[in-house]
Each structure stands twice: as structure tokens, then as C-alpha cells.
Amino acid sequence: MEQASIKERNNTVNDQLSNRQHWMSTMAKSCSQLLHALSDNLIDESQFETIRAPEIGLTQVRARMGGTGSPFNLGDMTITRCVVRSTAGHYGYSYIAGRDKAHALRAAQLDAVLQTDSNSTLINEQVVRPLENQLQHLQQQKTAETSATKVNFFTLVRGED
């Protein structure tokens, strides 16, 4: 009986973690202007304590040849990170590629608000889902552009054997 409840609780925690990873990733990859446009009316009513103000840093990117080879240093990239705490006591974190402090602050605020059960459904429908749709549209557009330039190489075999 206890093992079943522990397993059920672990599944719930894993689902919450997976959902949070998904919305944090979506907000980090999205366009800053669209993120602000979709969330301005939702965030203006909330109060946040800034734990770590948006700050720009540098991180090193490592890669592997073919995905399985030896790791090597690909190069450096800038990131902006931010941490806030909502009035409900939830911490919101964000790590954004680039130097957009406003984007990092808004993503951290939304992460904190999304952790409350009362607001998560509304914000998911009004902010996260449109951002997902935009990212999917951009990915499809990029795939179409790339496939238009695809070259098929083939070799004709002469029948001399």
C-alpha cells in the first residue's frame, strides 16, 4: 500500500518536473517580443522579489563529433540568467541565450507564476501554447527552406562487368 502511494507520488513529481522543463524551454527559445506581448496583462498584476537580477554571462559550449566522438570545446556563447520569487513563495528561474535581460526577467516571472495551480492553466493556454505554435511554425518553415536546397547525389553504374 505504501509502495503504491510512493510510486504514485514519484510519478506526480516527475510529471510536474517534465511540465516545468517544457515551459522553461519554450519560453527560453521563444521570441522576446511575443513573450512580452502575450504575458503583459498577466504579469502586471503580480509582485515579485528579485533574488538574482538579470545578468549576462559567458558559458562554454562543448560538442562531440557525430554525437558520439570525443568531446571538444566548440566555443563560447553569452547567456542571461535571472531568479525571482513570487508572493506565493515560488522561485522562478530562467537562462536565455543572448543578452536580453527583459526576456530573462519575464521568463523567470512566468516560471514562478506557472508553479501555482490556480494560474498555470490560464498561462499555459494564453502564453505557452501560442509560443509552442510559433516555434513549431518557425521549425517547419526552416525545414521547408532547407529541403528546397537539398541535393540528391547518385552514381550511374556502367554495366561493364
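A salt bridge is a side-chain nitrogen of Lys or Arg within 4 Å of a carboxyl oxygen of Asp or Glu. The structure is a predicted model, in which local features need pLDDT of at least 70 and side-chain atom pairs count only at pLDDT 80 or more, while totals for chains, interfaces and linings use all residues. Residues are numbered from 1 along each chain as its sequence is written, and side-chain values use heavy atoms, with hydrogens and water left out.

View 1. The side chains of Arg85 and Glu49 meet in a salt bridge, with 2.5 Å from N to O. This pair links distant parts of the chain, since Arg85 lies in strand 2 (residues 71–86) and Glu49 in strand 1, 36 residues apart. Helices (H or I, at least four residues) and strands (E, at least two) are DSSP runs, numbered from the N terminus. Arg85 is partly exposed at 25% relative accessibility, and Glu49 is partly exposed at 40%. Here buried means under 20% relative accessible area, exposed means over 50%, and partly exposed lies in between (1.4 Å probe, protein chains only). Salt bridges that share partners also join Arg52, Glu55 and Arg81 into one network.

**View 2. Salt bridges that involve helix 3.** The count of salt bridges in the model comes to five. In one of them, the side chains of Asp111 and Arg20 meet at 2.7 Å, N to O. Asp111 belongs to helix 3 and Arg20 to helix 1, so this pair ties together parts that are 91 residues apart in sequence. Asp111 is buried, with a relative accessible area of 0%, whereas Arg20 is partly exposed at 22%. A salt bridge also joins the side chains of Asp40 and Arg106 (2.9 Å, N to O). Asp40 lies in helix 2 and Arg106 in helix 3, so the pair ties together parts that are 66 residues apart in sequence. Asp40 counts as partly exposed at 32% relative accessibility, and Arg106 counts as buried at 9%.

**View 3. The two faces of helix 2.** Which residues of helix 2 (residues 32–43) are buried? They are Ser32, Leu35, His36, Ser39, Leu42 and Ile43. Seen down the axis of helix 2, these buried residues fall within an arc of 125°, so they line one face of the helix. The arc is that of the directions from the helix axis to the C-beta atoms. The face turned away from the buried side carries the exposed residues Gln33 and Ala37. Helix 1 (2–29), strand 1 (48–64), helix 3 (101–114) and helix 4 (117–148) are among the elements that cover the buried residues of helix 2.

**View 4. The largest pocket.** The largest pocket holds about 260 Å³ of space. Two or more lining residues come from each of helix 1 and helix 4. Helix 1 gives the largest share, six residues. Among the lining residues are Val13, Arg20, Trp23, Asp117 and Asn124. On a 1 Å grid over the protein atoms alone, a pocket is an open set of points where a 1.4 Å probe fits, with protein on both sides within 12 Å along at least five of seven lines; lining residues have an atom within 4 Å of a point.

**View 5. The surroundings of Thr26.** Thr26 is placed in helix 1 and counts as buried at 6% relative accessibility. Not counting residues up to four places away in sequence, Thr26 touches Val128, Leu131, Glu132 and Leu135, where contact means heavy atoms within 4.5 Å.

Terms used. Points joined across faces, edges and corners; volume = space filled by probe spheres on them.
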